[in-house]
Amino acid sequence: MTVWELLAEAAVALPRREGLPDPAREARWLLARCLNRAEGWLVAHADESVSESDAARFRSMVARRASGEPAHYIAGSCPFFGREFLVAPGVLIPRPETELIVEHALGLSLPPAPRVLDVGTGSGCLATTLAMELPGARVVATDVSPSALRLARANARRLAARVACCLADLATPLRGGFDLVVANLPYIPDGELSTLAPEIRDHEPRLARAGGTDGADLLHRLVADLPRLLAPGGHALLELGPGQADLLRPGVLAAGLYETTRLVDVAGVDRVVVLSR
Ligand SMILES: C[S@@+](CC[C@H](N)C(=O)[O-])C[C@H]1O[C@@H](n2cnc3c(N)ncnc32)[C@H](O)[C@@H]1O
């Protein structure tokens, strides 16, 4: 089979639906990853023949995608802040809006060799990126999911980032003194979980999404622990859902912290709240 024939076959096999609006484009994206080539290469080499084993692997990727599995799980990796991170079922696929946390963190005035904590690290995208972007940073990452921590360790190792990974409920076993705490914890209200797009609802882990009745159960708990975790003058950057910054406000005041700013995502939603001690 040639590149062109495989792409034509896949474009028919992939159903057009929510989350998969352009089957031909999706087919090119998958074949490029299967062959470890740029998509532009496929266009320039449409007549090139593909080995039987590569064609079989590509067809199995297409079948998984047609059944609704997210493309990044099938490819096994996902870009985040300019680097490629391994991803796998059971661990959340990093989202572009989470890059807001990194962008803001890099503009903060932090001490040399800052102590950084990432709570609910998942693939480790925040912890590893901050370890690589903040010179001398000493980064600790926690997660309650052993499979997430395994992946976070693998990503840190692959990218040669120094991150200490710790299996923990939030940051309960850790001592404080962090200059920067970042967290993208689950924040979907339980009542909204069934309304998520099927790709997310049926394939990404509930543990990475479910945030309790108002969606902010874990955020409330983390905010209450921030006075202990943050060094004086330290900052916390917390990703959250629509309206949740206001829900956190009483807890922020009770913790003696102040809200410095909110970061708005491309959809105009307050996506990250920045708290300081
Ligand atoms: C929304 S995902 C975010 C993952 C990653 N930080 C990212 O931005 O892609 C939330 C993560 O929090 C973890 N988590 C859920 N409950 C937790 C808890 N009580 N303590 C620590 N981590 C928790 C989940 O396992 C999941 O990896």
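View 1. Leu218, Leu219, Leu222, Val223, Leu226 and Leu229 are the buried residues in H10. A residue is buried if 20 or more other C-beta atoms lie within 10 Å of its own, exposed if 12 or fewer, and partly exposed in between. Helices (H or I, at least four residues) and strands (E, at least two) are DSSP runs, numbered from the N terminus. Residues are numbered from 1 along each chain as its sequence is written. In this predicted model, local features need pLDDT of at least 70, side-chain atom pairs count only at pLDDT 80 or more, and totals for chains, interfaces and linings use all residues.

**View 2. The length and bend of H10.** H10 covers residues 217-229. Its 13 residues should span 18 Å at 1.5 Å a residue, and the end C-alpha atoms are 18 Å apart, which agrees. The expected span is 1.5 Å times one less than the number of residues. H10 bends by about 30° at Val223. Pro227 follows within four residues. The bend is the angle between axes fitted to the seven residues ending at a residue and the seven starting there.

**View 3. The open sheet.** Seven strands line up in the order S5-S4-S3-S6-S7-S9-S8, with mixed pairing. Strand S5 (163-167) and strand S8 (258-264) are the edges, each pairing on one side only. Two strands pair if DSSP finds at least two bridges between them. Neighbouring strands of this sheet are turned by 15° against each other on average, direction ignored.

**View 4. Strand S6 and its partners.** S3 and S6 run parallel, joined by four bridges. Leu117 has Val181 in S6 as its bridge partner. Asp118 stands opposite Val182 in S6. S6 also pairs with S7 in the parallel sense, over five bridges. There, Val181 stands opposite Ala236 in S7. Six of the six residues of S6 are buried.

How values were computed
Axes are lines fitted to C-alpha atoms, for helices over the stretch in contact, and angles run from 0 to 180 degrees between N-to-C directions.
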